[in-house]
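Trainee: I am new to this structure. Please show it, and then we can go through some questions.

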Amino acid sequence: MVAWDYIAKRLLFAFATFLIASSAAFFIMSIIPGDIAYRMLGDFATPKAVAELRQELGVDQPVAIRYVEWLGNLLRGDLGGSAYSQEPIVALLSRKLDVTLELAFLATMMGVVFGVPAGMLSAIRPGSWLDAFLRPASILGLAAPSFWVGLLLLLLPSTLWNYAPPRFEPLLGSPLRNLQLMVPASAVIGFAFMASISRVSRTTMLEVVREDYIRTAFAKGLSERTVVFRHALRNALIPILTLVSLQFAALLGGTVIVEQIFSLPGLGQQAIAAINTRDYPVVQGFVVFMVLVYVTVNLVLDVATTVLDPRIRFA
Amino acid sequence: MTSIEGTTPAGALPYGGWREWRVRRVLIGFVRARPLGAVSACVILAMAFAALFASVVSPYDPNLKNTALLLDGPTLSHPFGTDQLGRDVLTRVIYGARITLFIGLAVTAVSGGLGLAIGVTSGYFGGRVDRITVMLLDAMMAFPGLILAIALVTALGSSVLNVILAVLVGFTARVARLIRSNVLSVRSTAYVDAARATGATNVRLLVRHVVPNVVPLLIVLGSLNFGVAMLVEGSLSFLGLGPPPPTPSWGRMLSSEGQQFFRSAPWLGIFPGLVLAVAVFAFNLLGDALRDHLDPRLRGS
């Protein structure tokens, strides 16, 4: 049974969240102190050029009017155009989307594929060497700054073995060369992700294995493997899913950093370039885009959680 | 704390009386039970000390350029080496602690205070205000933290105050949300009901019963947030959006202005990041230890 009511409610809520957050992005960008046109053109701009740019950007209109117009365009999927190239921002960002998505996907996979089993195993065998190793390792994974880990990952092989990863190539162009660069890049984010996932997996698994139904399952004579995978993991997955959705925000932030270190032509690099050239409409579009991705991922994981666990719907 | 009167002769107390003695007892208890947490606290205190008295502790002037020693490796006189302008890296790391620790402290303190006020009000009084607050907090949390900070710094310009503001927004929302749920569970406990039954006013209930019971959570969150705030500040500085030069900052030491020299002078890339990692690690360990010590119910979470 799927609770359509619940899903509809979540959908509505996600939409409201997106509206509030992207409106906030609009207002943040409109509080830029002084004149945005002056900031873009620099100190030597002629008044005429400033006036023209103001008109072009629409900032000669009052904020309220601009907001309504912007919101209307947003709902039609139009984020406006770059202040310099006039290219539609949606098209600009879509071109860069694949790199960032690949990074996020690889990092999530690494976090889940290594983090969940590590947490599970250390919970099933508390006090084992794995358990003793995992706790400090996971705190270390959370503490190490991603920009530093990324730099070391580039620096060490190059000083020790004179190895440098190849330049960026698109995944579809030459997959192998692409992965040679993307795997270490996503490992930087995946490392921190792994740390938090293994921590939560360990905690929930410790709680689950104490439950009565686990004892019952063992008492029935089921093998440890069946109990762990069929009974315990299924129930431990829910908090893990919740964590993945919460941590996805940190992951998106991480892509900005990693794209900068590994010179990957993704959304984050585009945003930083836009900040440096003061192309504020692009920065604003980037923020709205990230919020949209985050809200969507949360919505999907939320619905997935309710399908896995009917109790949540009625909580 | 109930057995204090019975176990200690009053004559053995130092001049400060019961209160000071209790503080000392709590401290000793913490050190005994959580040695790792105590070591972390010492590391943090040592860093704070070095940052506060940077001009006394550090061997050189942070902006002194020794052109005879450009990109010189770690030696006894320059333990962390020198950079491309011949400046002592150790000195710059010590001075860099100032800005990072200050921003961490400011963000933690203000987000803790604001978060406590919002969370307690929203959770304790409930109703429509609570629903609207939660909705707004959730919308604020829909911003990926670093990206919100990037947007704010871009709009406001990158001064120390603006970086603090930018990091603060997301942190306050998170603290408020967690405090609120904690208040909800405290509000429904028997001792609050009992106090209300004796005729205690809302103010008294809040001050004497609700707030003291969410303080442990606040302390734990503060310790963990301190570390994360330092990481966000580092990331912003790394991206060139942190406090502007000449303030030395760990994130900026690792950013593009030094990167081109890292291959020939790896110490430039290793030490600032290592110190930041150690600092965040210490705050995380301390936060974990405090959580286990202050609130057994949260243990392992």
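**Contact between the chains**

Mentor: Arg199(A) and Asp288(B) join their side chains in a salt bridge (3.3 Å, N to O); a salt bridge is a side-chain nitrogen of Lys or Arg within 4 Å of a carboxyl oxygen of Asp or Glu. This is a predicted model, where local features need pLDDT of at least 70, side-chain atom pairs count only at pLDDT 80 or more, and totals for chains, interfaces and linings use all residues. Residues are numbered from 1 along each chain as its sequence is written, chains are lettered from A in the order in which they are written, and side-chain values use heavy atoms, without hydrogens and water.

Trainee: Which element gives the largest share of the side of chain A that touches chain B?

Mentor: Several helices, DSSP runs of H or I with at least four residues, each supply at least two residues of that side, among them α8 (175-208) and α12 (280-308) of chain A. The largest share, nine residues, comes from α1(A).

Trainee: How many residues does the contact take from chain B?

Mentor: Contact means heavy atoms within 4.5 Å. Chain A gives 48 residues, and chain B gives 44 residues.
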